[in-house]
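Here is a short report on one strand and its surroundings. Have the sequence and the model open as you read.

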Amino acid sequence: MAFTTGGGGGAMADINVTPLVDVMLVLLIIFLVTAPMLTREIEIDLPQQSNKQPEEIVDPPMPIRLRIDADGGLFWDNSPMPKAALLPSLRVEASRDPQPLLEIEANQEVQYHVLTEVLSTAKNADMKKIGFVETL
(Lines give C-alpha, C1' and ligand atoms only; values in the text may rest on other atoms or scores of the structure.)
Protein backbone atom coordinates (compact mmCIF):
# COMPACT_ATOMS: atom_id res chain seq x y z
CA MET A 1 0.00 0.00 0.00
CA ALA A 2 1.44 3.30 -1.01
CA PHE A 3 0.84 6.67 0.62
CA THR A 4 0.58 9.74 -1.45
CA THR A 5 1.65 13.20 -0.42
CA GLY A 6 -0.19 15.02 -3.09
CA GLY A 7 -3.81 16.12 -3.36
CA GLY A 8 -5.03 12.96 -4.96
CA GLY A 9 -7.60 10.61 -3.45
CA GLY A 10 -5.14 8.35 -1.69
CA ALA A 11 -5.17 6.72 1.79
CA MET A 12 -5.11 8.95 4.87
CA ALA A 13 -2.61 8.27 7.65
CA ASP A 14 -4.07 10.55 10.40
CA ILE A 15 -5.38 9.18 13.72
CA ASN A 16 -8.93 10.11 14.68
CA VAL A 17 -8.51 11.61 18.18
CA THR A 18 -12.16 12.57 18.77
CA PRO A 19 -13.09 9.31 20.60
CA LEU A 20 -9.94 9.61 22.71
CA VAL A 21 -10.83 13.18 23.72
CA ASP A 22 -14.41 12.11 24.54
CA VAL A 23 -13.22 9.31 26.82
CA MET A 24 -10.71 11.59 28.54
CA LEU A 25 -13.39 14.24 29.19
CA VAL A 26 -15.73 11.65 30.68
CA LEU A 27 -12.98 10.36 32.97
CA LEU A 28 -12.12 13.92 34.01
CA ILE A 29 -15.74 14.60 34.93
CA ILE A 30 -15.92 11.37 36.95
CA PHE A 31 -12.78 12.27 38.89
CA LEU A 32 -14.01 15.82 39.50
CA VAL A 33 -17.29 14.51 40.92
CA THR A 34 -15.85 11.72 43.09
CA ALA A 35 -12.76 13.52 44.45
CA PRO A 36 -14.67 15.75 46.92
CA MET A 37 -16.45 12.70 48.31
CA LEU A 38 -13.15 11.09 49.20
CA THR A 39 -12.08 14.04 51.34
CA ARG A 40 -15.30 14.24 53.39
CA GLU A 41 -15.30 12.77 56.84
CA ILE A 42 -17.86 10.03 57.38
CA GLU A 43 -19.08 9.58 60.95
CA ILE A 44 -19.62 6.01 62.06
CA ASP A 45 -20.90 5.08 65.50
CA LEU A 46 -18.72 2.18 66.55
CA PRO A 47 -19.38 0.24 69.74
CA GLN A 48 -17.21 1.34 72.63
CA GLN A 49 -15.58 -0.90 75.19
CA SER A 50 -17.41 -0.88 78.47
CA ASN A 51 -16.25 -1.96 81.91
CA LYS A 52 -19.67 -2.17 83.52
CA GLN A 53 -21.26 -5.52 84.22
CA PRO A 54 -23.78 -6.84 81.74
CA GLU A 55 -27.39 -6.53 82.80
CA GLU A 56 -29.32 -9.60 83.77
CA ILE A 57 -31.00 -11.24 80.86
CA VAL A 58 -34.72 -11.22 81.41
CA ASP A 59 -36.76 -13.99 79.88
CA PRO A 60 -39.31 -12.58 77.44
CA PRO A 61 -42.91 -12.84 78.60
CA MET A 62 -45.27 -15.32 77.04
CA PRO A 63 -46.71 -14.03 73.77
CA ILE A 64 -50.32 -12.96 73.55
CA ARG A 65 -52.29 -15.02 71.04
CA LEU A 66 -55.13 -12.97 69.54
CA ARG A 67 -57.31 -15.06 67.25
CA ILE A 68 -59.81 -13.56 64.82
CA ASP A 69 -62.37 -16.01 63.52
CA ALA A 70 -64.26 -15.85 60.21
CA ASP A 71 -67.15 -13.71 61.52
CA GLY A 72 -64.81 -11.18 63.21
CA GLY A 73 -64.94 -12.54 66.75
CA LEU A 74 -61.87 -11.99 68.93
CA PHE A 75 -60.30 -14.59 71.20
CA TRP A 76 -57.57 -13.55 73.68
CA ASP A 77 -55.56 -16.69 74.46
CA ASN A 78 -58.57 -18.83 73.45
CA SER A 79 -60.96 -16.82 75.66
CA PRO A 80 -63.70 -14.83 73.89
CA MET A 81 -63.23 -11.07 74.10
CA PRO A 82 -65.49 -8.20 73.04
CA LYS A 83 -63.98 -5.64 70.67
CA ALA A 84 -64.51 -2.86 73.22
CA ALA A 85 -62.19 -4.60 75.72
CA LEU A 86 -59.33 -4.99 73.23
CA LEU A 87 -57.80 -1.51 73.57
CA PRO A 88 -57.66 -1.45 77.41
CA SER A 89 -56.22 -4.97 77.50
CA LEU A 90 -53.56 -4.10 74.93
CA ARG A 91 -52.63 -0.91 76.80
CA VAL A 92 -52.04 -2.92 79.97
CA GLU A 93 -49.84 -5.38 78.09
CA ALA A 94 -47.99 -2.59 76.25
CA SER A 95 -47.02 -0.96 79.56
CA ARG A 96 -45.22 -4.11 80.73
CA ASP A 97 -41.44 -4.23 80.56
CA PRO A 98 -40.40 -6.11 78.44
CA GLN A 99 -43.39 -5.87 76.18
CA PRO A 100 -44.86 -9.22 75.10
CA LEU A 101 -45.26 -10.20 71.48
CA LEU A 102 -48.79 -9.90 70.08
CA GLU A 103 -49.40 -12.87 67.79
CA ILE A 104 -52.40 -12.32 65.53
CA GLU A 105 -53.95 -15.44 64.10
CA ALA A 106 -56.55 -14.44 61.51
CA ASN A 107 -58.89 -16.82 59.76
CA GLN A 108 -58.57 -16.69 55.98
CA GLU A 109 -62.28 -15.87 55.69
CA VAL A 110 -62.10 -12.76 57.92
CA GLN A 111 -62.98 -9.39 56.38
CA TYR A 112 -60.01 -7.12 55.69
CA HIS A 113 -61.47 -4.17 57.60
CA VAL A 114 -61.74 -6.28 60.77
CA LEU A 115 -58.02 -7.07 60.60
CA THR A 116 -57.13 -3.42 59.96
CA GLU A 117 -59.25 -2.37 62.96
CA VAL A 118 -57.38 -4.82 65.19
CA LEU A 119 -54.01 -3.62 63.86
CA SER A 120 -54.88 0.05 64.35
CA THR A 121 -56.11 -0.70 67.88
CA ALA A 122 -52.80 -2.42 68.63
CA LYS A 123 -50.89 0.55 67.23
CA ASN A 124 -52.98 2.99 69.29
CA ALA A 125 -52.20 0.91 72.39
CA ASP A 126 -48.43 1.35 71.65
CA MET A 127 -47.78 -2.30 70.95
CA LYS A 128 -44.33 -2.50 69.37
CA LYS A 129 -44.04 -6.24 68.75
CA ILE A 130 -46.77 -7.56 66.48
CA GLY A 131 -46.56 -10.76 64.50
CA PHE A 132 -48.84 -12.88 62.36
CA VAL A 133 -49.33 -16.57 62.95
CA GLU A 134 -50.55 -18.97 60.30
CA THR A 135 -52.98 -21.66 61.37
CA LEU A 136 -52.17 -25.22 60.41
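## Basis

This is a predicted model: local features need pLDDT of at least 70, side-chain atom pairs count only at pLDDT 80 or more, and totals for chains, interfaces and linings use all residues. Residues are numbered from 1 along each chain as its sequence is written, and side-chain values use heavy atoms, with hydrogens and water left out.

Strand β4 covers residues 102-106. Strands (E, at least two residues) and helices (H or I, at least four) are DSSP runs, numbered from the N terminus. Of the 5 residues in β4, 4 are buried, so the strand is largely enclosed by the rest of the structure. Buried means under 20% relative accessible area (1.4 Å probe, protein chains only).

β4 runs parallel to strand β1 (residues 64-68), joined by 5 bridges. Strands pair if DSSP finds at least two bridges between them. Isoleucine 64 has leucine 102 as its bridge partner in β4. β4 also pairs with strand β5 (residues 130-132), again parallel, over 3 bridges. Here leucine 102 stands opposite isoleucine 130.

## Glutamate 103

Glutamate 103 lies in β4. This residue is buried, at 16% relative accessible area. Its side chain makes a polar contact with the side chain of arginine 65, at 3.0 Å. A polar contact is a pair of N or O atoms within 3.5 Å; within protein, one must be able to donate a hydrogen and the other to accept it, and residues adjacent in sequence count only if both atoms are side-chain atoms.

Conventions: Buried < 20%, exposed > 50% of the residue type's maximum accessible area, 1.4 Å probe, protein only.
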